[in-house]
Amino acid sequence: MIRILLVDDHAVVRAGYRRLLECAAEYLVVAEAASAAAGYRRFLECAPDVVITDLSLPGVGGIELLRRLRARQPELRALAFSVHEESLFVDRALAAGALGYVSKRSAPDTLVAAVEAVARGQEFLSPDLARSRQSQRQQGDFLHSLSQREFEIFRQVAEGRSVREIASGLCISGKTVSNHYSQIRVKLGLRSAAEMARLQADRKS
C-alpha cells in the first residue's frame with residue numbers, strides 16, 4: 001500500500017486526485033493539506049510514502065515546501081503537479097526535492113504512472129514537459145540566474161506579497177528579504193515590484 005499526502009489549495013482538485021488514485025487498490029490518500037505550512041505538519045504527523053504537491057500555494061509555495069521536506073527527509077519521494085509548464089519551474093522543483101513533475105493538463109493515467117514511478121524512487125516527467133523542457137533550455141531563461149531563495153522571493157513579490165509577509169513565511173528577517181530583493185533587481189535589471197509582476201505575467205502569456 002502506497003500512502004499519499006495531497007497538497008493543493010483547491011478542495012475540488014484534491015477530491016479529484018483522491019478519487020483517481022484510490023481507484024487503484026495499492027494507493028491510499030492518508031492526508032490532505034491546503035497550504036505548504038499545513039502540508040509540512042501533515043507530513044510530520046502521517047509520514048506518507050509519497051507527497052503530491054501543487055506549486056502555487058498560499059504563503060510559502062510548493063517549491064519551498066519541497067525544500068523543507070527534503071531537508072527533513074533526504075530520501076523524500078515527492079511529485080509536483082502544477083499548471084506551470086516552463087522548464088524553469090520543472091528544474092526548480094526537481095532541485096528542491098521532487099522526483100517527478102506532471103502538468104495539470106496531462107491525462108489522468110499520466111498522474112497514476114508518475115506516482116508509481118516516484119514511489120519506486122524513479123524520476124518521472126510527463127512526456128509533454130520532457131520535450132518542452134529541452135526546447136526551453138536551448139533558448140535560455142534569464143530567471144535561471146536566480147538562486148533558489150531568490151526565485152522564491154521573486155515569485156512572492158511578483159504575486160504582490162509584502163516584505164513582512166515574505167519574511168514571516170520563509171522564517172527570515174525583513175532585512176534579509178530586502179537584501180535578496182535588491183540582488184534580484186540587479187540581476188534582472190528591474191526597478192520595482194510592479195516590473196517583477198509584469199515580467200512574470202509576460203512569461204505566462
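Figure 1. At a relative accessible area of 1%, Phe-151 counts as buried, because buried means under 20% relative accessible area, whereas exposed means over 50% and partly exposed lies in between (1.4 Å probe, protein chains only). This is a predicted model, in which local features need pLDDT of at least 70 and side-chain atom pairs count only at pLDDT 80 or more, while totals for chains, interfaces and linings use all residues. Residues are numbered from 1 along each chain as its sequence is written, and side-chain values use heavy atoms, with hydrogens and water left out. Phe-89 is also buried, with a relative accessible area of 2%. Phe-89 and Phe-151 form an edge-to-face aromatic pair, with 5.5 Å from centre to centre and 75° between the planes; rings of Phe, Tyr and Trp (its six-membered ring) pair if their centres lie within 6.5 Å, and planes under 30 degrees apart count as stacked, over 60 as edge-to-face and the rest as tilted. The pair links distant parts of the chain, since Phe-89 is in helix α4 (residues 87–96) and Phe-151 is in helix α7 (residues 148–158), 62 residues apart. Helices (H or I, at least four residues) and strands (E, at least two) are DSSP runs, numbered from the N terminus.

**Figure 2. Tyr-17 and Phe-81, a helix residue and a strand residue.** The structure holds 2 aromatic pairs, and in the one shown here the ring centres of Tyr-17 and Phe-81 are 5.0 Å apart with their planes at 65°, so the pair is edge-to-face. Tyr-17 belongs to helix α1 (residues 11–21) and Phe-81 to strand β4 (residues 78–82), so that this pair links distant parts of the chain, 64 residues apart. Tyr-17 counts as buried at 6% relative accessibility, and Phe-81 counts as buried at 7%.

**Figure 3. A charge over the ring of Tyr-181.** The charged end of Arg-185 sits over the ring of Tyr-181, 4.7 Å from the ring centre. The wording "over a ring" is used if NZ of Lys or CZ of Arg is within 6 Å of the ring centre and within 35 degrees of the ring normal.

Figure 4. In the order β2-β1-β3-β4-β5-β6, 6 strands form an open sheet with parallel pairing, where two strands pair if DSSP finds at least two bridges between them. The edge strands are β2 (27–33) and β6 (124–125), each of which pairs on one side only. Strand β3 (residues 50–53) is joined to β4 by 3 bridges, and the two run parallel; the bridge partner of Val-51 in β4 is Ala-78. Helix α2 (residues 36–46) lies across β1 (2–7), β2 and β3 and runs at about 135° to β2, while helix α5 (residues 108–119) packs on the sheet, touching β1, β2, β3, β4, β5 (100–103) and β6, with its direction at about 155° to that of β4. For these angles, axes are lines fitted to C-alpha atoms, for helices over the stretch in contact, and the values run from 0 to 180 degrees between N-to-C directions.

Figure 5. Leaving aside neighbours within four places in sequence, the residues in contact with Tyr-101 include Leu-79, Phe-89, Val-90, Ala-93 and Phe-124, contact meaning heavy atoms within 4.5 Å.

**Figure 6. Helix α4 and the glycine that follows.** Helix α4 is mostly covered, with 9 of its 10 residues buried, among them Ser-87, Asp-91 and Arg-92. Just after α4, Gly-97 takes a positive phi of about 145°.

**Figure 7. Thr-110 and Arg-19, buried or exposed?** Thr-110, found in helix α5, is buried with a relative accessible area of 15%, and, not counting residues up to four places away in sequence, Thr-110 touches Val-102, Phe-124 and Ser-126. Arg-19, found in helix α1, is exposed with a relative accessible area of 58%.
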